[in-house]
Amino acid sequence: MNLKLHVWRQKGPKDKGRFETYDATDVLEDMSFLEMLDVVNDGLEAEGREPIAFESDCREGICGACGCMINGQPHGHKARTTTCQLHMREFSDGDEIVIEPFRAKAFPVIKDLVVDRSSFDRIIQSGGFITARSGSAPDANAIPVAKVEADRAFDAATCIGCGACVASCPNASAMLFTGAKITHLGLLPQGQPERYLRVDKMVSQMDSEDFGHCGNFGECTLACPKSISLDVIAQMNTDYITAQFKGRDI
Amino acid sequence: MSIELKSNAPTGPIDSAWSRHKFDIKVVNPANKRKYTVIVVGTGLAGASAAATLGELGYNVQNFCFQDSPRRAHSIAAQGGINAAKNYQNDGDSVYRLFYDTVKGGDFRSRESNVYRLAELSVNIIDQAAAQGVPFAREYGGLLANRSFGGSLVSRTFYARGQTGQQLLLGAYSGHAAQVAAGNITMFPRHEMLDLVTIDGHARGIITRDLISGEIKSYAADAVILATGGYGNVFYLSTNAMGSNVTAAWRAAKRGALFANPCYTQIHPTCIPVSGDHQSKLTLMSESLRNDGRVWVPKDAKDCWNNDKAAVGRHPSQIPDEDRDYYLERRYPTFGNLVPRDVASRAAKLSCDEGRGVAFNGRGVYLDFKEAIGRLGQEEVAARYGNLFEMYERITGANPYTEPMRIYPAIHYTMGGLWVDYNLQSNTPGLFVLGEANFSDHGANRLGASALMQGLADGYFVIPYTLGHYLAEVGPRKNDAESSEFKGTEETVKGRVNKLLNVKGKRSVDSFHRELGHLMWEKCGMARTKEGLEEALERIPAIRDEFWNNVSVPGDGADLNQSLEKAGRVADFLEFAELKVGDALHREESCGGHFRLEHQTEEGEAKRNDDDFAYVAAWQFNGVDKKPTLHKEPLEFDHVKPSQRSYK
Ligand SMILES: Cc1cc2nc3c(=O)[nH]c(=O)nc-3n(C[C@H](O)[C@H](O)[C@H](O)COP(=O)(O)OP(=O)(O)OC[C@H]3O[C@@H](n4cnc5c(N)ncnc54)[C@H](O)[C@@H]3O)c2cc1C
Ligand code: SF4
Ligand code: FES
């Protein structure tokens, strides 16, 4: 199939940026979306032109490096699929595809489709952990965890930190991402001692970055390639309120 | 120059060796730890666990990775699980059994002392991870669940659905995040190490390129730890992440660190086959699928669907049992579909070489769940493998519930790496190497679920002790990134970057990578011959030459330039490949993942030559276009007696 791509090109953070149009020819349906871009880039490179910058590493939907807006949707239209796992059989000959970076104030563009998501790291650093010094752990079976709880914790823990939730949100809120970590750790017995301190710190960090507030639109969970449920936001809010009374240094 | 390779492993009873060693080595006074700066390159399981632990101990850690966040290291992609000799299932597992299995699985090409320690530490890893909140699979009673993995006779594999690597890495990353917050780790994401700096023979720092600003800068430290992963991408197509590379290890090798057993590469039998020339990487389908799936090819070459569009013969679901060759069950009646990775991979290749392969270019075999669906019901099959089936369908567009999967072997893991002693220190003092980047524990073949174990054992439990010994011995020194050694190396790096930018040729970087990878796969892949390897040795320098004369690296060095990043990595692969092929050529035997067609038993299995090759081949770099020098570390087996593996 042959496609027309309208791709956001931006030399750097200070550049205004603009769309440029490229032809993607002889695209096979077995190609992934990024392989289709690879082929376009290969052509650009051979001509001495700068290829389209985009991020990817695992190309298996697990590292969270990839991600761009495809026809206005983060990671494209296919549910539960990262950009790297989107395949060209989802498109048809003659399609025009608009490709842009994730748009959010907290994710400034670095170049073309590459954005800075380091705010996510800072949120985790603010408290998204259980303090467990190496070598200090009790036997793993000393603390049983009910399977249902372990499974729910796991579901929340599958977040890949891609940022699609933020990009899809009209307010660019990072509640789904933050709530996922709070829920993962807060459901486990190991996570109890720091539970309220954690939510307090992570929410303040989130607020101090350029993210907006949750307006209960629910776009995030639809865009999320891991289907992280809105429940994590409810859990975070509940814990946050409780935290105002419990477990803080006064 | 002659280098004596001392393993520095303690002598005496193996089961108390590590405890005795920990007592015998020096300890840094807690008040002095702050005075030491330690560079850790890599944030995978090995790097993140090392950085976090050293941070906790109070060292001043500087940690580097090329991704935008430490959480994205390639370890995140590991699926199946992690081994530990917990014996929670009471099925007869023990530290000794895990040790035994690992030495045997490595086809008697690993160092017994290291492997024993690995087995011993395996139990602590699970405790550590559970304490961090890693959501391992559990039984209804709340205890941890296990499964048997990769043909092991005991159930010792811990897992978190099909995402064990992700969960373990996020666990290590969270501990790491805590240390960043505490100010003990300074994190440098989007920084690529481009050289190692040595002063008076000791590793004293690195040169990096900031991938956003392009700045090339020196970082000085008291010790350098490389945890930079494996070199599987020398084959271009592999299950490794796109960015996985040999650069850090290779630049260290060029500065004097020995590179051990580069020819040992693991090929994973169940990956999604190549679908065309555009293919950028290969996707692993978990080994667990072979527990219920049956592997076959059509008996009649006419029935092989090489490519859907040119389909001839019968659709696989229309081929009756009598016209199918379940070749693993036929050749290995005892182990059947569960033979080890290397055996399963070679058998698939053999069937395809006979012209009975399916999928693109006839490079695929069927993995069939019809019998399992009949036996267990579709629901149970979905419960066991649903997420894998979904992934398969997303990538191939085919539904494995109604037609067999198509799979083919792919490069997966590299057992070779920088040579290290028992302390995980290379022959360059002050340079330590952890995880897949070192050669130490898996011999010629790695058992499933053992890489995660090794990375975390190295990072959480070995390096905190052995690094301290080195630092206590050398004492505090002045770290001066302005010294002439640093400035000189910085200039070399800048020169190299400029050279890449100024070739201004006509071919894309990937086109060279693809060409090299194809050659490596054909000549130094699953089955190797003297002629093939010699041919590769002739062609690699020619490709390298063409690269330096005709590569196109657009843009400049002063901002994010992904072509430049790739070009630097490919340039290193083009040098390293020659060493790898040379190693394969010199090793006149077959062992584990290294299969020389000249050396096989009558049944077509790998035939080791213990008399002449029971050693680690550690190579010293002497210059591009110059022959490397071979140093041998003899391997002795006091506990596990070398035997011929048999899976009949
Ligand atoms: C698909 C797949 C599935 C697997 N499944 C399993 C499994 O089930 N069980 C198991 O035990 N093993 C498994 N493995 C193997 C295992 O995942 C790896 O061997 C292991 O994770 C390697 O960890 P590491 O810490 O050594 O390196 P990596 O995780 O590869 O990390 C390398 C780090 O080094 C950094 N780096 C590299 N070069 C540079 C440079 N020049 N400058 C700066 N930074 C650099 C990277 O940024 C990264 O942070 C699997 C592997 C693959 C590919
Ligand atoms: S919550 Fe979902 S969309 Fe948001 S970062 Fe995590 S995986 Fe991505
Ligand atoms: S590249 Fe890793 S999730 Fe897409």
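This is a predicted model: local features need pLDDT of at least 70, side-chain atom pairs count only at pLDDT 80 or more; totals for chains, interfaces and linings use all residues.
Local features need pLDDT of at least 70, side-chain atom pairs count only at pLDDT 80 or more, and totals for chains, interfaces and linings use all residues. Residues are numbered from 1 along each chain as its sequence is written, while chains are lettered from A and ligands numbered from 1 in the order in which they are written.

User: Which chains surround ligand 1?
Analyst: The shell, meaning residues with a heavy atom within 4 Å of the ligand, holds 39 residues, with B:Q67, B:S75, B:G80, B:M193 and B:E436 the closest. The site is shared between chains because the residues that surround ligand 1 come from chains A and B.

User: Which element of chain B gives the most to the shell around ligand 1?
Analyst: Among the elements of chain B that each supply at least two residues of this shell are helix 3 (45–57) and helix 12 (451–474), where helices (H or I, at least four residues) and strands (E, at least two) are DSSP runs numbered from the N terminus. The element that gives the most, with 3 residues, is strand 6.

User: Which residues lie closest to the centre of the second largest cavity?
Analyst: Helix 16 (562–586) of chain B is one of the elements that supply at least two residues of its lining, and helix 16 gives the most, with 7 residues. Of the 40 residues that line this cavity, the closest to its centre are A:S56, B:M242, B:Q562, B:K566 and B:R569.

Key:
Side-chain values use heavy atoms; hydrogens and water are left out. On a 1 Å grid over the protein atoms alone, a cavity is a set of points where a 1.4 Å probe fits but cannot get out, and a pocket is an open set with protein on both sides within 12 Å along at least five of seven lines; lining residues have an atom within 4 Å of a point.
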